[in-house]
Each structure stands twice: as C-alpha cells, then as structure tokens.
Amino acid sequence: GQTVYLAPGAVVRGQFVADGAENIRLTGRGIIDGSTLDRWEQTTVPVDLAHCKNVTIEGITVLDPAAWTLNLYHCEDVTVRGVNIIGARSNSDGITIQSCKRVLVSGCFVRGWDDNLVVKGYDGDVADITFTDCVLWTDLAQSMEIGYETRAEVMERITFENITVLHAN
C-alpha cells in the first residue's frame, strides 16, 4: 500500500526491491542511475519485484543499469507505463517478466545492450502479458523475446503490438 514518487530532477543511486507487496506504485519523473555500480562486483537490478500484486510503475527513467533493469518475478496485475530505460552494459536487459500473470507494458522506450522486452517462465505459468506502443533499440540480443530459459508448462496470451524497433543486430 505504498507509493514512491521520484520528483523531476531526483537521482537515486540504488534500487527498489519488494517481495510479497500489494498495491504499490513507483512513479514520477526522476531517474534511477546505476552508473556508479560495477557491473561485475555490484550486479544490482534497479527495480526488482517478486510475488507482488497490483503494481504500477510509471514515468521513471533508468540509466546505465549494472544488470537487468526492471525485473518482475511471480507478479500479478502489473502496469508499466511510460518508463524510459537506457542501458549499454552487458546483461542490461530492459523489462523482464518471469512467471507472471496480467502484465501490461505500454508507452516505454528501452535501449539495452541485451534483450529489451522479455517473457520467461522459470518455475510457473505465464498468462496475459501485453507489450504495446513501445520503442526499442537493441545493441546485441533480442528486441522482443519469449525466453530462452523457459520451463513453464503454460505460456499463453502474450502479445507484442505496435512496437517500433529503431535498431537491432
């Protein structure tokens, strides 16, 4: 039941982590900056949520993450809207959705060295995931991926629509 608001001009050098939280929001026009973290010694995911329900992440910008950028694991009823991600280091995946249900990602800009929009089913089923109206720039890996490491029995109703890919190798 908490909201974190990053005011315009705010710069956070750290991460937001929740496990088992409900009705939470991370919003605003501020920046989460990972540039001071060492990629190999401080593998820090800027937004890392597990087993959360009724989540909104909106308007924030994440710069130079030292690992995956926005990770959702076993979450339900999540909206990610208007988030901007710029990552240029190895393994700087953009938005990673693992074993989640009912997730909407819309209006985001993701520039990542690694995968940009990823759905995986590690140890649970995946359903009702929609990516829409996003702009992507991928330096190395996949712009959109239904994950390589997937072991879920069911992955259904996963949609990528109105996605613009500016660059991909």
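Biologist: What is Ile57 in contact with, leaving aside its neighbours within four places in sequence?
Modeller: In this predicted model, Ile57 is in contact with Leu26, Val47, Leu49, Leu70, Thr79, Val80, Arg81 and Val83, once neighbours within four places in sequence are left aside.

Biologist: And which residues touch the most other members of the largest nonpolar core?
Modeller: Ile57 is one of them, along with Leu49 and Ile95. That core has 34 residues.

Biologist: Which strand gives the most to this core?
Modeller: Strand β16, residues 126-132, which supplies three residues.

Biologist: What is the pLDDT average for the protein chain?
Modeller: The average is 95, and 100% of the residues score at least 70.

Biologist: Lys120 next. Is Lys120 buried or exposed?
Modeller: Lys120 is buried: its relative accessible area is 2%, and the cut-off for buried is under 20%. Lys120 sits in strand β15, residues 117-120.

Biologist: Which side chain does the Lys120 side chain join in a polar contact?
Modeller: That of Glu149, at 2.9 Å.

Biologist: What else does Lys120 touch?
Modeller: Not counting residues up to four places away in sequence, Lys120 touches Trp68, Ile97, Gln98, Ser99, Val126, Gly147, Thr150 and Met155, as well as Glu149.

Biologist: On to the sheets. What is the strand order in the open sheet of seven strands?
Modeller: The order is β2-β5-β8-β11-β14-β17-β20, with parallel pairing. β2 (11-12) and β20 (164-167) are at the edges with a single partner strand each, so one side of each has no neighbour in the sheet.

Biologist: How many bridges join β11 to β14?
Modeller: Three, between residues 84-86 of β11 and residues 109-112 of β14, and the two strands run parallel. Ile85 stands opposite Val110 in β14.

Biologist: What about strand β3: which side chains point to which face?
Modeller: In β3 (residues 16-19), Phe16 and Ala18 point to one face and are buried.

Biologist: Which strand does β3 pair with?
Modeller: β3 pairs with β6 (residues 47-50), in the parallel sense, over four bridges. The bridge partner of Phe16 in β6 is Val47. Val47 is also among the contacts of Ile57.

Biologist: Now charges. How many salt bridges does the structure hold?
Modeller: Nine. In one of them the side chains of Asp77 and Arg102 meet, 2.6 Å from N to O. Asp77 is in strand β10 and Arg102 in strand β13 (residues 101-106), so this pair ties together parts that are 25 residues apart in sequence.

Biologist: Which residues are linked with Asp77 in a network of salt bridges?
Modeller: Glu76 and Arg102. Asp77 is partly exposed at 30% relative accessible area, and Arg102 is partly exposed at 36%.

Biologist: Which residue does Arg111 meet in a salt bridge?
Modeller: Asp139, at 3.0 Å from N to O. Arg111 is in strand β14 and Asp139 is in the loop between β17 (135-138) and β18, 28 residues apart. Arg111 is partly exposed at 29%, whereas Asp139 counts as buried at 15%.

Biologist: And where does Glu156 come in: what does its side chain meet?
Modeller: The side chain of Arg157, in a salt bridge of 3.4 Å from N to O. Glu156 is partly exposed at 34%, and Arg157 counts as partly exposed at 48%.

Terms used
Residues numbered from 1 in each chain as written. Predicted model: local features only at pLDDT ≥ 70, side-chain atom pairs only at ≥ 80, totals over all residues. Heavy atoms only, no water. Core = buried A, V, L, I, M, F, W, Y, C linked by side-chain atoms within 4.5 Å. Buried < 20%, exposed > 50% of the residue type's maximum accessible area, 1.4 Å probe, protein only. Contact = heavy atoms within 4.5 Å. Polar contact = N/O pair within 3.5 Å; in protein donor to acceptor, adjacent residues only side chain to side chain. pLDDT = per-residue confidence, 0-100. Pairing = 2+ DSSP bridges. Salt bridge = Lys/Arg side-chain N within 4 Å of Asp/Glu carboxyl O.
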